[in-house]
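Biologist: Hi, I'm new to this one and would like to be walked through it. Could you put it up on the screen for us?

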Amino acid sequence: MLCRLGGRWLRPLPSLQLGARGPPAALASTGCAKHCALPLWAVASVSAVGPGGQGGWYEALARSAPVQGAEEVLLGAHSATGLPWWGSILLTTVALRGAVTLPLAAYQHYILAKVENLQPEIKNIARCLNQEVAVRAHQLGWSKRVARLTYLKNMRRLVSELYVRDNCHPFKATVLVWIQLPMWIFMSVALRNFSTGAARSEAGFSVQEQLASGGVLWFRDLTALDSTWILPVSVGVINLLIVEIFALQKIGMSRFQTYITHFVRAVSVLIIPVAATLPSSIVLYWLCSSFMGLSQNLLLRSPRFRQLCRIPLTKSDSDTPYKDLFAAFYAKFISRK
């Protein structure tokens, strides 16, 4: 895990200085109950509207400007392409992933590559600093605690200066998360509004009615649950693949990284029963988004694509990343007895 650097440091040693829509009444109709086949909590608003006209946090989110913007994006894609709703959801997901998250993911790899290339210099500074602190501690009679604290504060200052010098502070690598997660939430809530009838109509027809006949294959009704569990299980499997690909490329993970990997594995499994209680439109979006995430991770392993994005070469880069990935996957999951 990358720690936040900076703060207040001790004075450096002389020898260490290195430089508004209410829920429609149609929701209560028997027609909707017949159409949606959703759990009560998935159809009803999460919180009732109070006497003052103010609802709970979820209702505020469902009526927020970002969610309405996501609704407009979905409606615009559907109107412009003329595709059925399953195609519009797929196309919108691919477009957003390709235009927004892929460039941010490439930037994330760019920052992390520069940070990785700084590690030899950081190790050298740490070795020299440790020696100088040991000498000063012996001369001034510092306790082990004071010496350790002095070393850590000066080390953090020096590492921070390196990040500023190379313009690669690790916090910049988190931009992808701060954009991708809200976008995922807003799109999911927008699709829930469509599926439950809590969004405006289009061209005289309820979007909910269009979704009810806008599916394909076994999920013809995008407002209903996927009774076969194929979509929810597929979401979980693809997310697990993404986690395993990340784990296979990390050699010698720290204990914290191992705990985080196990936690994300657990979330990938737990998301399956959660997805099974949601309208198929939302689960289809999750599936498309996860598949694009998997494709994005594989693409960013390509040496040619990394060169195109001007991602610096690192010691851990491979000329045959896909062959190495398959070999590691085979050794861990197939050949293991």
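Biologist: Which residues line the largest cavity?
Modeller: In this predicted model, the largest cavity is lined by Thr93, Leu96, Arg97, Thr101, Gln180, Met183, Trp184, Tyr285 and Ser289.

Biologist: And what volume does the largest cavity have?
Modeller: The volume of the largest cavity comes to about 60 Å³.

Biologist: Which helices supply at least two residues each of that lining?
Modeller: Those are helix H5 (85–140), helix H7 (175–196) and helix H11 (280–299), and the largest share, four residues, comes from H5.

Biologist: How do the lining residues divide into nonpolar, polar and charged?
Modeller: Four of the residues lining the largest cavity are nonpolar, four are polar and one is charged.

Biologist: Switching topic, which residues does UniProt list for "transmembrane region"?
Modeller: The unreviewed UniProt entry lists residues 229–247 under that name, and in the model this span is 95% helix and 0% strand, with its end C-alpha atoms 27 Å apart.

Biologist: Now H10, please: what should helix H10 span, at 1.5 Å a residue?
Modeller: Helix H10 covers residues 255–275, which is 21 residues, so at 1.5 Å a residue it should span 30 Å, and this agrees with its end C-alpha atoms, which are 30 Å apart.

Biologist: Which residues in H10 are buried?
Modeller: The buried residues in H10 are Thr261, Arg265, Ser268, Ile271, Ile272 and Ala275.

Biologist: What covers those buried residues of H10?
Modeller: The cover over the buried residues of H10 includes helix H9 (230–248), helix H13 (321–334) and H11, and H11 is also one of the helices that supply at least two residues of the lining of the largest cavity.

Note on methods. Residues are numbered from 1 along each chain as its sequence is written. This is a predicted model: local features need pLDDT of at least 70, side-chain atom pairs count only at pLDDT 80 or more; totals for chains, interfaces and linings use all residues. Side-chain values use heavy atoms; hydrogens and water are left out. On a 1 Å grid over the protein atoms alone, a cavity is a set of points where a 1.4 Å probe fits but cannot get out, and a pocket is an open set with protein on both sides within 12 Å along at least five of seven lines; lining residues have an atom within 4 Å of a point. Grid points are joined across faces, edges and corners, and a volume is the space filled by probe spheres set on the points. Ala, Val, Leu, Ile, Met, Phe, Trp, Tyr, Cys and Pro count as nonpolar, Asp, Glu, Lys and Arg as charged, and the others, Gly among them, as polar. UniProt positions are given in the numbering used here, feature names are shortened, and annotations may be inferred rather than shown by experiment. The expected span of a helix is 1.5 Å times one less than its number of residues. Buried means under 20% relative accessible area, exposed over 50%, partly exposed in between (1.4 Å probe, protein chains only). Contact means heavy atoms within 4.5 Å.
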